[in-house]
Amino acid sequence: MSNKEVANTILKQLGGHRFIAMTGANSFFSENNALLFKIPRTKKVKAVKVTLDADDTYTVRFIGQKNAPSFEVFDVAVVAGVYCDQLQEIFTENTGLYTSL
């Protein structure tokens with residue numbers, strides 16, 4: 001599977017277009033079996049990276065960013081061993097944003 005196919009699968013498992021509409025997620029980027037995107041509607045989490053691991057689970061990294069002057073990024077939370085049917089729940093728990101109605 002290519003990086004783009006993995007990223008598209010992750011997005012579908014998060015909820016696809018409904019996920020995007022509900023969360024405002026944008027700036028999607030695929031890399032090395034992962035999907036990275038920005039979340040504009042939260043103060044704590046600015047981006048999320050979902051990586052497909054070798055054991056067919058995911059590691060979800062919630063990324064924060066400090067304000068000027070450093071704009072340093074840091075991990076708000078990292079959740080490993082996430083199954084595809086848990087992605088939406090883990091996302092909601094860590095961002096406060098619902099992925100569907």
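**Working through the chain**

A: Thr 59 lies in strand S4, which covers residues 58-65. Helices (H or I, at least four residues) and strands (E, at least two) are DSSP runs, numbered from the N terminus.

Q: What kind of model is it, and how are residues numbered?
A: This is a predicted model, in which local features need pLDDT of at least 70, side-chain atom pairs count only at pLDDT 80 or more, and totals for chains, interfaces and linings use all residues. Residues are numbered from 1 along each chain as its sequence is written, and side-chain values use heavy atoms, with hydrogens and water left out.

Q: Back to Thr 59: which side chain does it join in a polar contact?
A: The side chain of Asp 53, at 2.6 Å. A polar contact is a pair of N or O atoms within 3.5 Å; within protein, one must be able to donate a hydrogen and the other to accept it, and residues adjacent in sequence count only if both atoms are side-chain atoms.

Q: Which residues is Thr 59 in contact with, leaving aside neighbours within four places in sequence?
A: They are Lys 49, Val 50, Thr 51, Asp 53, Val 78, Val 79 and Ala 80. Contact here means heavy atoms within 4.5 Å.

Q: Now the overall layout. What is the pattern along the sequence?
A: The protein chain has three helices and five strands, and they follow the pattern α-α-β-β-β-β-β-α. The chain is as compact as a globular protein of that length, because its radius of gyration is 13 Å, close to the 13 Å that the globule rule gives for 101 residues. The radius is taken over C-alpha atoms, and the rule is 2.2 Å times the number of residues to the power 0.38.

Q: What does the C-alpha trace span along its principal axes?
A: About 40 × 30 × 20 Å.

Q: How much of the chain counts as buried?
A: Of the 101 residues, 36% do. Buried means under 20% relative accessible area, exposed over 50%, and partly exposed in between (1.4 Å probe, protein chains only).

Q: Among contacts between residues at least 6 apart in sequence, how many join residues at least 24 apart?
A: The share is 33%.

Q: Turning to helix H1, is Ile 10 buried or exposed?
A: Ile 10, which has its place in helix H1, is buried, with a relative accessible area of 0%. Not counting residues up to four places away in sequence, Ile 10 touches Ala 34, Leu 35, Val 50 and Tyr 58. Ile 10 and Leu 35 are 25 residues apart in sequence and 6.9 Å apart in space, C-alpha to C-alpha.

Q: And what about Thr 9?
A: Thr 9 is also in helix H1 (residues 3-14), but it is partly exposed, at a relative accessible area of 28%. Its C-alpha atom is separated by 15 Å from that of Val 48, 39 residues apart along the chain.

Q: Last topic, the backbone: what is the phi of Ser 27 and of Phe 71?
A: Ser 27 has a positive phi of about 55°, and Phe 71 has one of about 50°; neither residue is a glycine. Most residues other than glycine have a negative phi.

Q: Where are those two located?
A: Ser 27 is found in strand S1 (residues 26-31) and is partly exposed, with a relative accessible area of 46%. Phe 71 has its place in the loop between S4 and strand S5 (73-82), and is partly exposed at 48%.
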